[in-house]
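Here is a short report on one protein model. Keep the structure in view as you read.

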Amino acid sequence: MPQSECTVLTNFRNMALPSSRSYVFSHAAGLCKEVWYPITRRLLQLLPNVQEQDIHCIDLDGHGERHHIDTSQTDWLTFSTKNVRSCLQTVSRPVVGIGHSMGASALVNAHLSLGRDGFQSLILFEPVFTLPGAKAPPGKGLVPLTLKRRRWFDSRDDALTRFQKGGLRAWDPEALELYVKGGIVPRKDNQEGYELACSPESEARIYSFPPDGLAEKVANLDIPVCIVVGASSRHMGLRGSSSLRQFYETITENLPHVSIVTMNGSHFMLQEHLDEGAQVIQNAVEWASTVPSKL
């Protein structure tokens with residue numbers, strides 16, 4: 001299996017129980033596969049019959065280990081969907097897809113393009129959608145801030161210290177340390193020091209692209225879908241969980257099997273509340289398992 005497309009979680013523990021399904025994790029813009037490791041480590045304790053080789057974490061193009069891949073000539077939904085589809089070619093069925101933000105939208109788009117070869121169920125943490133008639137991409141307001149973001153650091157420790165005192169200070173220390181491990185890489189210009197694996201320009205392009213048409217396609221999902229909203233999130237310019245819930249309820253109102261739940265935290269709820277995030281995923285997996293599968 002090509003590690004660059006789909007990385008199997010290892011070195012946490014071994015379980016003798018038989019496997020029942022695979023789990024594919026897809027990260028948000030600007031992050032990396034390592035941010036899932038604190039969650040997946042907990043899920044190995046919470047979910048029955050799950051072994052390390054059942055958990056697959058993706059680095060999307062332009063991020064983490066795939067930071068060298070140029071994404072300037074394509075939109076984020078295209079390349080992230082390609083990454084998910086490539087990973088699905090290597091894993092055992094059935095598969096549960098778990099994604100955050102851009103990564104969640106990629107799971108939806110990949111499943112819709114694959115049908116019965118897609119996912120058994122989806123757990124989506126604030127996926128990115130655009131409602132018909134929207135005047136701007138949902139992340140457009142983040143572009144100026146992203147382009148001003150610090151790019152270079154003296155070391156990974158330097159980056160960690162700055163993040164702890166800055167905009168990521170609400171993150172759990174375990175999640176922050178693993179983000180620095182995968183999301184900060186040696187400088188690409190051969191100078192001394194480190195830099196963001198996903199450059200500010202690459203991340204800004206993601207926020208500038210509207211995933212037009214994806215929201216309308218959601219109505220074609222005939223698998224269990226759980227959408228998770230952060231109680232204090234301002235995702236896509238919508239303030240508060242009630243506005244976000246209403247947004248997602250509108251998009252998913254015709255789905256046969258949908259659950260919308262709220263957990264503590266901002267849009268980065270998974271990095272802020274590790275135990276609760278893992279518990280939410282466990283509950284969603286158990287809920288989805290009660291729905292008869294068509295795959």
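## A covered helix

Helix H3 is mostly covered, with 10 of its 13 residues buried. This is a predicted model. Buried here means under 20% relative accessible area.

Which residues of H3 are buried? They are Met 102, Gly 103, Ala 104, Ser 105, Ala 106, Leu 107, Val 108, Asn 109, Ala 110 and His 111.

## Length and end of H3

H3 covers residues 102-114. At 1.5 Å a residue, its 13 residues should span 18 Å. The C-alpha atoms at its ends are 19 Å apart, which agrees.

What comes just after H3? Gly 115 sits there, with a positive phi of about 60°.

## The largest pocket

Now turn to the open space. The largest pocket has a volume of about 1200 Å³. It is lined by 43 residues. The closest to its centre are Leu 142, Arg 149, Glu 203, Tyr 207 and Phe 268.

By class, the lining has 22 nonpolar, 14 polar and seven charged residues.

## Helices in the lining

Which helices each supply at least two residues of the lining of the largest pocket? They are H4 (143-147), H5 (156-165), H6 (173-183) and H7 (200-208). H7 gives the most, with three residues.

Note on methods
Residues are numbered from 1 along each chain as its sequence is written. This is a predicted model: local features need pLDDT of at least 70, side-chain atom pairs count only at pLDDT 80 or more; totals for chains, interfaces and linings use all residues. Side-chain values use heavy atoms; hydrogens and water are left out. On a 1 Å grid over the protein atoms alone, a cavity is a set of points where a 1.4 Å probe fits but cannot get out, and a pocket is an open set with protein on both sides within 12 Å along at least five of seven lines; lining residues have an atom within 4 Å of a point. Grid points are joined across faces, edges and corners, and a volume is the space filled by probe spheres set on the points. Helices (H or I, at least four residues) and strands (E, at least two) are DSSP runs, numbered from the N terminus. Ala, Val, Leu, Ile, Met, Phe, Trp, Tyr, Cys and Pro count as nonpolar, Asp, Glu, Lys and Arg as charged, and the others, Gly among them, as polar. The expected span of a helix is 1.5 Å times one less than its number of residues. Buried means under 20% relative accessible area, exposed over 50%, partly exposed in between (1.4 Å probe, protein chains only).
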